[in-house]
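Good morning. Please have the structure open.

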Amino acid sequence: MFTLAEVASLNDIQPTYRILKPWWDVFMDYLAVVMLMVAIFAGTMQLTKDQVVCLPVLQSTVNSKAQPSTSGKADFTTVETTTGQGEEASIRTVSFGGAPTVTPDVPLSRATSSQYQPTESGQELKKEQKDSSGRKTNLDFQQYVFINQMCYHLALPWYSKYFPYLVLIHTIILIVSSNFWFKYPKTCSKIEHFVSILGKCFESPWTTKALSETACEDSEENKQRLTGAQSLPKYVSTSSDEGSPSASTPMITKSGFKFSADKPLIEVPSVTILDKKDGEQAKALFEKVRKFRAHVEDSDLIYKLYVGQTVIKTVKFIFILCYTANFVNTISFEHICNPKVEHLIGYTQFECTHNMAYMLKKLLISYISLICVYGFICLYTLFWLFRIPLKEYSFEKVREESSFSDIPDVKNDFAFLLHMVDQYDQLYSKRFGVFLSEVSENKLREISLNHEWTFEKLRQHVSRNAQDKQELHLFMLSGVPDAVFDLTDLDVLKLELIPEAKIPPKISQMTNLQELHLCHCPAKVEQTAFSFLRDHLRCLHVKFTDVAEIPAWVYLLKNLRELYLIGNLNSENNKMIGLESLRELRHLKILHVKSNLTKIPPNITDVAPHLTKLVIHNDGTKLVVLNSLKKMTNVAELELQNCELERIPHAIFSLSNLQELDLKSNSIRTIEEIISFQHLKRLTCLKLWHNKIVNIPSSITHIKNLESLYLSNNKLESLPAAVFSLQKLRCLDVSYNSIALIPVEIGLLQNLQHFHITGNKVDILPKQLFKCVKLRTLSLGQNCITSIPDKVSQLLQLTHLELKGNCLDRLPATLGQCQLLRKSGLVVEDHLFDALPPEVKEVLNQDTSIPFANGI
C-alpha cells in the first residue's frame, strides 16, 4: 500500500508551471485527487473491516425443497454445545424424523472421527427438544472462522477484493499522464526555460515602460490628427525635388517607434525611469528570447507529447468505464459458497454475507461518476487540440493594441506554449510579445545608449584631425546617440560598426558637418535628414562588405563632392555599383573605389563629364576592361593601383586633361608606350613605382612638362641621359633599384628639389649633383658611398639629408654652411654626427631649442 505522501509526490508540479495548466488540466488534477482519496478510503476500510460471514445451508432445507423426507431416517442433526465449569463438555442431541445421532462437544477433528451413542432416555430427549428453539449446526467458533476465510477467497468476486487497488493504480496512471510533459527530460528543459523567461518578461520594468510609452504615442498621434497641428522642422530644404528618395530608398518608415518626415516629430515624455541595471537585464532578456525561439521553433515535440498524453488519458477513461460497468453488479451483499470441505465439517454449501458490499458499491458508483466527468474533460481537451492550429500563433491582437507592428508570428512548440499560456492569462503573451519586437529592442538600445553617451561624454571624444577639423569617431555602438546631433560645430562624423544607425532630423542642427564616414554601417535616414545631407554633405566615405550594404540614399546626394567606396565589388555585383545610378551626383569631383574590379563599371561613366579624380585600388584582381576611361575627358588625376596591369593602358592616352598618373603596385615590365604621353600636354606627375620596369626608354624626353617622376621599387640598373633633359623636373625618385652610377647629366636639372636614390649601389657622388642648388631633399641612404664632397655646402636650401647605411668615415665640416639643415633633417649614424666639429654641431642643433622656445 502506498502512503499518501508518496502518491502526492507524483502530482507535485512547481508553482511556476501553473501558467501552462489550463482549466481542464487543473480540474482533472482535482478529480484525480478525489479519485485518489476514494481509493485510499476504500483501501483503509477494506484493511480494517472487510470480511464475510457464512452460515451452513442445512441439508434438510435443501432436501425439503427437492423431495419429501423418508421416515425412519435421520434428516439432519444439530448439535448444541455448551461449556460448563471446569471446561467439561456436554452434548445435546436433537433428532428429526428418525433415530437420534449424537455429536460430541469436542473439537472438530474429534467430532468427525468418532461417533457416540445416546446417553439419555427418550423422555429426556423430548423434554430437551421442547426447551430448545432453531436448528443446531454442530459448528464451533473456529470452524466458522475457517469457513469465513475460505469463502472470502472462493465466493467473493475478485473485483470486490481488489477494487481499491485498481482505483489507486488507475488514478496514479492518470496523474502521471497529466504531468508527464513536465517530467520528460527533452520537454522539461524547454518548459522550465520558457516559464523562467516568461516570468522575467512579465515582471521586467522595460515591458511596462514600452507598453506605456506606446500607448502614450498612440494618444499623442490621435490628438495631433484631431487638432491638425503642424510643426515645422528645424531645417527646410531649398532644393528641388530632384534626387528625392524613391520608394525603395531605405528611409525610416512609419512603423513602431520610427519617425516619418511627413508627420510632426513628437517628443514623448518618459513614463518611467529605466535605470542601467534594468536596461541590462532587458537586453539580456531580448537575447534569451531570441535564442529560445530559435531552439524551440524548429520542433513540435512538446505539442506531440501533450497530445499523446491526452489520448492516453482518453483511452484509459474508455477502458475503465467499459470494464467497470460490467463489474458494478458483482458487488453484492449475499454470496453462495461451496468450500468442498464436507469431509471436515459435514456441510457442502454455505450462505455468506459481505459486510463491505454496500459501501464498496457506493464508492464504485462515485468513482464511475468521477471517471465520466474526467472522460468528458479529456474529450473536450482533444476537441480543443484539433479545433485550431496550435502549432501557429499570431500576435495580431498584440500588434493592434501595442503598435508593435513588427512582432513576428511563431510556430511549432513556441506557438503551442503561448496558446497554453493564453488559457491561463492572455496578458502574459501580450507582455511577452514586447521582447519579440525589433522595434522594442531598438528602442531599448536607444534609451540605454542615450543614458550612457551624454553630451559631455561625447564632447570629450571630439578631436582634431590632420586637416585641423573637429572629428568624432563612434565605434561599435548599438546606435547613434541623440546627443551627437547637439555637437553643432562638428566637421567630421565617423560611424563604424553600428548596424542600427539612424540619422534623425536633428542632424540639420550640424551646419558645419561636411564629411561623413560610414564604416560597415548601413545607416538609415529620415526624409528631413536626407534633405539636409543632400544639400550640405560634401565628402562621404562608405566601407562595406557587400555592395548591397551601401545605403541607396548615397547615390542621391546631388551636392556630394567626394565619394569613397571601399568593399567587395566582384564581377557579379559590378552592375550594382550604380544602385539607382551615379548620374544624380552632378557635382561629384573625386571618386575613390577600393575593391576587386575586373572592369571599370559602366555606371561610373555617368559622372565622367564632371569627374576630376578617379582612384581605383584593386586587391590584386586584374583590371582587364578600361575602355570606359576614354569618356572621362575631364579627369585630372588617375590612380590605378594593384590592378595587375602589365602595360600602360592605351585608354589613358585619350585623357587630354590628365595631370597626374599613378600606376603603383602593378606588373608593368616595359614602358615603351610612354612616347604617347607627349599628347598629354598637362601631365606633370608620373608615378610608376612598385613595378618591374627594367629600363627607361629615351622617348621619355618628349614629356616636356613632367615635374615629378617616381620610379622607385623597380629593377632599374641605370638612368638614361634622356631623364635629365626634363628641365621642369622637380622631383625624381629612383629609390630601391640597382643603380650603380649617378650620371653627370644630373647637373642639368636646375629645378630639381627632391632627389631620392636610397637603396641602390651608388659609391661615388658626382660633383655635378651639387649644381642642383634648389635641392631641398637629398636621400642617399643604403648605398656604398665612401665620402661626401665638400661642395655639399652649395645646397643652401637643403632641409633633409639622408646618409645612413653607407660606408662613410666622416662628414664634411661644410655641412654647417647649409643654412636650413638641422639635426632633425640629418639622417646619419650617431658616431658620424658626434665626430663633427663643435661649431657645426651647434649650428645643426639650433632646431632643438627653437621649437622648445616657440612651445613656451
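Predicted model: local features only at pLDDT ≥ 70, side-chain atom pairs only at ≥ 80, totals over all residues.

Tyr380 has a relative accessibility of 34%, so it counts as partly exposed. Residues are numbered from 1 along each chain as its sequence is written, and side-chain values use heavy atoms, with hydrogens and water left out.

H13 has the largest share, with 3 residues. Helices (H or I, at least four residues) and strands (E, at least two) are DSSP runs, numbered from the N terminus.

Val373 is in helix H13, and its 35% relative accessibility makes it partly exposed. Trp23 counts as partly exposed too, at 45%.

Next, the rings. How many aromatic pairs are there? The count comes to 29. In one of them, the ring centres of Trp23 and Tyr380 are 5.4 Å apart and the planes are at 45 degrees, so this pair is tilted. Trp23 lies in helix H2 and Tyr380 in helix H13, so the pair ties together parts 357 residues apart in sequence. The rule is that rings of Phe, Tyr and Trp (its six-membered ring) pair if their centres lie within 6.5 Å; planes under 30 degrees apart are stacked, over 60 edge-to-face, and the rest tilted. Elsewhere, ring pairs link Trp158, Tyr159, Phe163, Phe319, Tyr323, Phe327 and Tyr367 into a cluster.

Now the record. The UniProt annotation "transmembrane region", from an unreviewed entry, covers residues 27–47, 162–182 and 364–386. Positions are given in the numbering used here, feature names are shortened, and annotations may be inferred rather than shown by experiment. In the model, residues 27–47 are 100% helix and 0% strand, with the end C-alpha atoms 30 Å apart. Residues 364–386 are also 100% helix and 0% strand, and there the end C-alpha atoms are 33 Å apart.

On to charges. The whole structure has 18 salt bridges, each being a side-chain nitrogen of Lys or Arg within 4 Å of a carboxyl oxygen of Asp or Glu. Take Asp486 and Lys506, whose closest N and O atoms are 3.6 Å apart. Asp486 is in the loop between strand E9 (470–475) and strand E10 (492–496), and Lys506 in the loop between strand E11 (502–503) and strand E12 (515–519), so the bridge ties together parts 20 residues apart in sequence. Asp486 is partly exposed at 33%, and Lys506 is partly exposed at 24%.

Arg647 and Glu673 form another salt bridge, at 2.4 Å from N to O. Are its two ends buried or exposed in part? Arg647 is partly exposed at 43%, whereas Glu673 is buried at 8%.

Last, Lys687. Lys687 forms a salt bridge with Glu660, the closest N and O atoms being 3.5 Å apart. The partners are 27 residues apart, with Glu660 in strand E19 and Lys687 in strand E20. Lys687 is buried, having a relative accessible area of 15%. Lys687 also lies over the face of Tyr710, 5.2 Å from the ring centre. For that, NZ of Lys or CZ of Arg must be within 6 Å of the ring centre and within 35 degrees of the ring normal. Lys457 does likewise with Trp453, its charged end sitting over the ring at 4.2 Å from the centre.

Terms used
Buried < 20%, exposed > 50% of the residue type's maximum accessible area, 1.4 Å probe, protein only.
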